[in-house]
Amino acid sequence: MGNHGIRQHVEMSSKTGVFHLSKAKLQHFPPELVSLIQVLRHIDLSENKIPTIPDNIGVFLNLKHLNLNQNQIEVIPDQLGTLVKLETLSLASNRIHRTPANLNKLQKLRDVNLSDNALTVFPKVFCGLKSLNVLDLTRNKINEVPNGIGDLNVVELILNQNQLKKVSEDLSKCPNLRTLRVEHNSITLNDFPKALFSDSPVSLLLVEGNKFDMKKFSELDGFDKYMERYTATKKKLM
């Protein structure tokens, strides 16, 4: 897209606070957006060919929603941690391999999508974010849910299609966790934390495609307590 087309979108965004330019074959983050730092609340540049998020991303202090899905981004800049009003962060289908520590300043984050990236380590940086509801880490290369994540406040955690072999018992301490998706990993029965059955609020476990038989999984100690929560939740939704 030429500069004229971008300018037209910028002019419209100055009135709406929303800049949406997907599937435009953009090869860089439009520098023209800097003229809108006071008004932009929503940026959607998904399905382009953008390789980097500019260091000056931190100037968009009123931004609430950032969607850069399906680009070619490898690095999340530290400056993203200054967007303290950000509520949704969508960076799915990129090439991201790490998350900067100062993302823990984004206390208003509600929804984070980092699926289809190159993460090898569980991003503990999202622990302690009190407003976070959903963390999607599908199709990365994470091999462990580590200790020290008991203060992860998500309602739903999605780790399908990773390389998980170990899941820490600390996951059972997550106070708001209701849905856990760990399908198609490499978890064995011995490495599955039984505390998720007996000592957690989880009411929906999706675990198929791991290294155990589902019948044997249902025979583990404490599974009946999980089923009580599952059934009670299902009745509420009927």
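**Burial, contacts and strand order in a predicted chain**

Biologist: Leaving aside its neighbours within four places in sequence, with which residues is Leu-159 in contact?
Modeller: A contact is defined here as heavy atoms within 4.5 Å. With its neighbours within four places in sequence left aside, the residues in contact with Leu-159 are Phe-122, Leu-137, Ile-142, Val-145, Leu-164, Arg-181, Val-182, Glu-183 and Asn-185.

Biologist: What kind of model is this?
Modeller: Residues are numbered from 1 along each chain as its sequence is written, and side-chain values use heavy atoms, with hydrogens and water left out. Local features need pLDDT of at least 70, side-chain atom pairs count only at pLDDT 80 or more, and totals for chains, interfaces and linings use all residues, since this is a predicted model.

Biologist: Is Leu-159 buried or exposed?
Modeller: Leu-159 is found in the loop between strand 8 (156-158) and strand 9 (166-167), where helices (H or I, at least four residues) and strands (E, at least two) are DSSP runs numbered from the N terminus. Relative accessible area is classed as buried under 20%, exposed over 50% and partly exposed in between, with a 1.4 Å probe and protein chains only. Because its relative accessible area is 0%, Leu-159 is buried.

Biologist: In what order do the nine strands form the open sheet?
Modeller: The secondary structure of the chain comes to four helices and 11 strands. Two strands are said to pair if DSSP finds at least two bridges between them. Nine strands form an open sheet with parallel pairing, and their order is 1-2-3-4-5-6-8-10-11.

Biologist: Which are the edge strands?
Modeller: In general, the strands of a sheet pair through backbone hydrogen bonds, either parallel or antiparallel. In this sheet the pairing is parallel. The strands that pair on one side only are strand 1 (18-20) and strand 11 (204-206).

Biologist: Which residue in strand 11 stands opposite Arg-181?
Modeller: Strand 10 (residues 179-181) and strand 11 pair in the parallel sense, over three bridges. Within strand 11, the residue that stands opposite Arg-181 is Leu-206.

Biologist: Which residues does Thr-179 touch, not counting those up to four places away in sequence?
Modeller: Thr-179 is found in strand 10, and its relative accessibility of 13% is why Thr-179 counts as buried. Residues up to four places away in sequence are not counted, and those that Thr-179 touches are Val-155, Glu-156, Leu-157, Leu-204 and Leu-206.

Biologist: Leaving aside neighbours within four places in sequence, which residues are in contact with Val-207?
Modeller: The place of Val-207 is in the loop between strand 11 and helix 3 (214-217). Because its relative accessibility is 2%, Val-207 counts as buried. Leaving aside neighbours within four places in sequence, the residues in contact with Val-207 are Val-182, Glu-183, Phe-192, Phe-212, Met-214 and Phe-217.

Biologist: Which residues does Leu-36 touch, not counting those up to four places away in sequence?
Modeller: Leu-36 is found in the loop between strand 1 and strand 2 (42-44), and with a relative accessible area of 4% Leu-36 is buried. Not counting residues up to four places away in sequence, Leu-36 touches Val-10, Ser-13 and Ser-14.

Biologist: Is Lys-25 buried or exposed?
Modeller: Lys-25 is found in the loop between strand 1 and strand 2. Its phi is near 60 degrees, a positive value in a residue other than glycine. Because its relative accessibility is 63%, Lys-25 counts as exposed.

Biologist: What is the relative accessible area of Ser-93?
Modeller: Ser-93 lies in the loop between strand 4 (88-90) and strand 5 (111-113), and phi of Ser-93 is near 60 degrees, a positive value in a residue other than glycine. Ser-93 is partly exposed, because its relative accessible area is 27%.

Biologist: What percentage of the residues in the chain is buried?
Modeller: Along its principal axes, the C-alpha trace of the chain spans about 65 × 35 × 30 Å. Among contacts between residues at least 6 apart in sequence, 34% join residues at least 24 apart. Of the 238 residues in the chain, the buried share is 48%.
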